Structures are given as structure tokens and as C-alpha cells.
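Hi,

Here is the structure I promised to pass on. Have a look at it first, and then read my notes below.

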Amino acid sequence: MDLSPKSFGLPKILWRQLLRNRNNTFDYCSSDLMFRKMPWYCGYMDLHPVRDFKYTFNSWGMRANYDYEALNQDGKKAKVILAMGDSFTMNVGGPLEHSWPSLLQEKVNLPVLNGGIDGLGPDVQHQMIAKMREYFDVQHTFVLFNLHGGAMADRLADANSTEQKSMILKKYEWPIGCEYSFIPPWCWTDDMREILLGHFPDAFAYMKDIKLNFSDIPQSMFTYLIQPDYQSFSNSTWPSLDSIYQELAIHNNLDRVLSDVDRYFFMKAIVPKCKSYFYRNRDFRHNSKLTNQMLADYFFTKVDPKFIKR
């Protein structure tokens, strides 16, 4: 496939990213290096248990361990499923096998092509999908949207831009068979999330609440996440943070060690942070395997039964 901006529908900054990635393997991608410059995120990355993996890219510069053009044989277009998106689909901050396209691949009998490109926005996705449909016999197109593109754009995102880009997205005439969802709730401010859900009520339909077992969080990670809250809430009568972790790890509550009032407000503060450990991956922004499995399961419900593995 011609990877020029004109032929593939990519702006130059993304086209150059693909050219740099082509047939290469890296320890870190550009987003990783950005998070590495932020002290809190860097510390979290160094503590995360899933931190040793590489980024391998194919001949199109996409994150995959095989070349997509090899699927077409003898001039015949291969039947495929497209999995399109940005860094959340590429699975920045996690191994390839934890990406939602890879987890979906385990359940279907067609190749699932990971089309995730760091910084890809919906306007370019529209063009890429059209191009990929020319190249392959596409049976399903699944898209995980980020309305604001890459990291620099996210810093400028607000309620107004969410409204504008939601309206633009709704005007696109997407190909038959396209199903979509949106990057997870923690990536949107409250007002942005309200606007998004007003336009797309099922934006986060894949997200499921989980039962929190504190014992599944490594103590070093728990301490890193909760230390600021402990310092804010605790007084001289409180047990140490180590003791609090041990109590939670054994009993999954603090009923025996804190008063009703202290326990209520402390748990209210720490439970969302502790759950985030399970939902998010090494960089504390992108999806963990658990969240990507939710996405894969959601898109799996849209798959034609004839493409399901038996």
C-alpha cells in the first residue's frame, strides 16, 4: 500500500510516524517518552507489573507481528475485520497481545487488523477506512474514537470542541458494518462526558464495574497511589499506611481500624484510585488488558455468527 499522505489519507505528522515505525521494534513509543518526562507517571510506570514489552510494527508501520499485504493471495482480496482507532487501539502502554484487536482476534476466524495510530482522529479514520475497504474485503469495521486526536490535542480539548467534533462525527456517512465506541470515561472531563453522552448514549457501553479486591494490588503500587490521600486524611490515631494495606488485603475493608466517619470519607477517596489500577495500564491513561477485554467482548457481540470461532 502507498503510505503517502495523498494516497493513504494521512496528515504528514502521522504519515511520518508510520514511516518511522515500518518494520521496526522499539522499547518505547513517542507517547511513552512523553509520560516518562512527567515525574508522577514515570514513577507509576516503573512500579507497574506489566512494564517489560516492546512495540513491533509491520511493513505499513502499524502494530502487528505480520504484514497485512500478505493476506491478499493470487489477486484475491482477503476477508478481514478492521479495528481502527488511535493510541488506545494501538495499545500504547501495554503489550500487543493485550490490545482489544488482539483479544477480539482470539474469538473470530478472520484476521483482525489493528489500525491503531497514535494521534489518529475521526476525520482521518474516515479516509483510512475507505482506503482499507479498497484493499481488502472488509466484513466488519470496529472503531474506538477519540474526538481530540493525540496528546497535544487533548490538552486543548474542552466542552466546546467536544460539541463541535460530535456534530461533525454524526455527519459522516460511515460504511455499512461500522460499529463504534469511545475511549474510556476517565479521558473526558465531566462537562465533556455529558456532551458526548448526549450525542452518543452508548459511548461507554463496554465499560463494566468490577469487584475490588485490594489484595490484588501490589503493596508498592497501593502505597504510590494512596500516599497523598493518607497524608490528607490521617491523624495521630490512625494506623500506618502499611497496616491499612494489610487490613484491606486480608479483610477488604477497614471496619475494624477506622471510625465510621473516617472510614467513609477515606474509602470514598481511595476506591476509585484503586479501581483505576485495574482499568488502566502502565502509563495510567491507556487501557489495561481488563478494559480492552471489555471492548473486545462488546465488539464481539456485533460480529456475524459465521465469523465466530467454533
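Is Phe284 buried or exposed? Phe284 is buried, because its relative accessible area is 12% (buried is under 20%, exposed over 50%, partly exposed in between, with a 1.4 Å probe and protein chains only).

Before going on, some housekeeping. This is a predicted model, in which local features need pLDDT of at least 70 and side-chain atom pairs count only at pLDDT 80 or more, while totals for chains, interfaces and linings use all residues. Residues are numbered from 1 along each chain as its sequence is written, and side-chain values use heavy atoms, with hydrogens and water left out.

Back to Phe284, which sits in the loop between α13 and α14 (helices are DSSP runs of H or I with at least four residues, strands are runs of E with at least two, and both are numbered from the N terminus). Phi of Phe284 is near 65°, a positive value in a residue other than glycine. Most residues other than glycine have a negative phi. Asp74 also has a positive phi, near 55°. Asp74 belongs to the loop between β2 (55–56) and β3 (79–85), and with a relative accessible area of 82% it is exposed.

Now the rings. Searching the whole structure gives 29 aromatic pairs (rings of Phe, Tyr and Trp, the last by its six-membered ring, with centres within 6.5 Å; planes under 30 degrees apart are stacked, over 60 edge-to-face, the rest tilted). One of them joins Tyr44 and Phe284 edge-to-face, at 4.9 Å centre to centre and 65° between the planes. That pair links distant parts of the chain, since Tyr44 is in helix α4 (residues 39–47) and the two are 240 residues apart. Tyr44 is buried, with a relative accessible area of 0%. Trp60 and Tyr68 have ring centres 5.7 Å apart and planes at 85°, so this pair is edge-to-face too; both residues are buried. Ring pairs also tie Phe35, Trp40, Tyr41, Tyr44, Tyr224 and Phe284 into a cluster.

Two charges sit over rings as well (NZ of Lys or CZ of Arg within 6 Å of the ring centre and within 35 degrees of the ring normal). Arg280 lies over the face of Phe284, 4.4 Å from the ring centre, and the charged end of Lys107 is over the ring of Phe300, 4.9 Å from its centre.

On α4 itself, Cys42, Gly43, Tyr44 and Met45 are buried. Their cover includes α3, α11 and α13. In α3 (residues 30–36) you will find Ser31, which is buried at 9% relative accessible area. Beyond its neighbours within four places in sequence, Ser31 is in contact (heavy atoms within 4.5 Å) with Val92 and Asp118.

Last, the second largest pocket, with about 350 Å³ of space. A pocket here is an open set of points on a 1 Å grid over the protein atoms alone where a 1.4 Å probe fits, with protein on both sides within 12 Å along at least five of seven lines; lining residues have an atom within 4 Å of a point. The volume is the space filled by probe spheres on the points, which are joined across faces, edges and corners. Its lining has 16 residues, with Pro272, Lys275, Ser276, Tyr279 and Arg280 nearest the centre. Helices α11 (219–233) and α13 (260–279) each supply at least two lining residues, and α13 gives the most, with five.

Cheers
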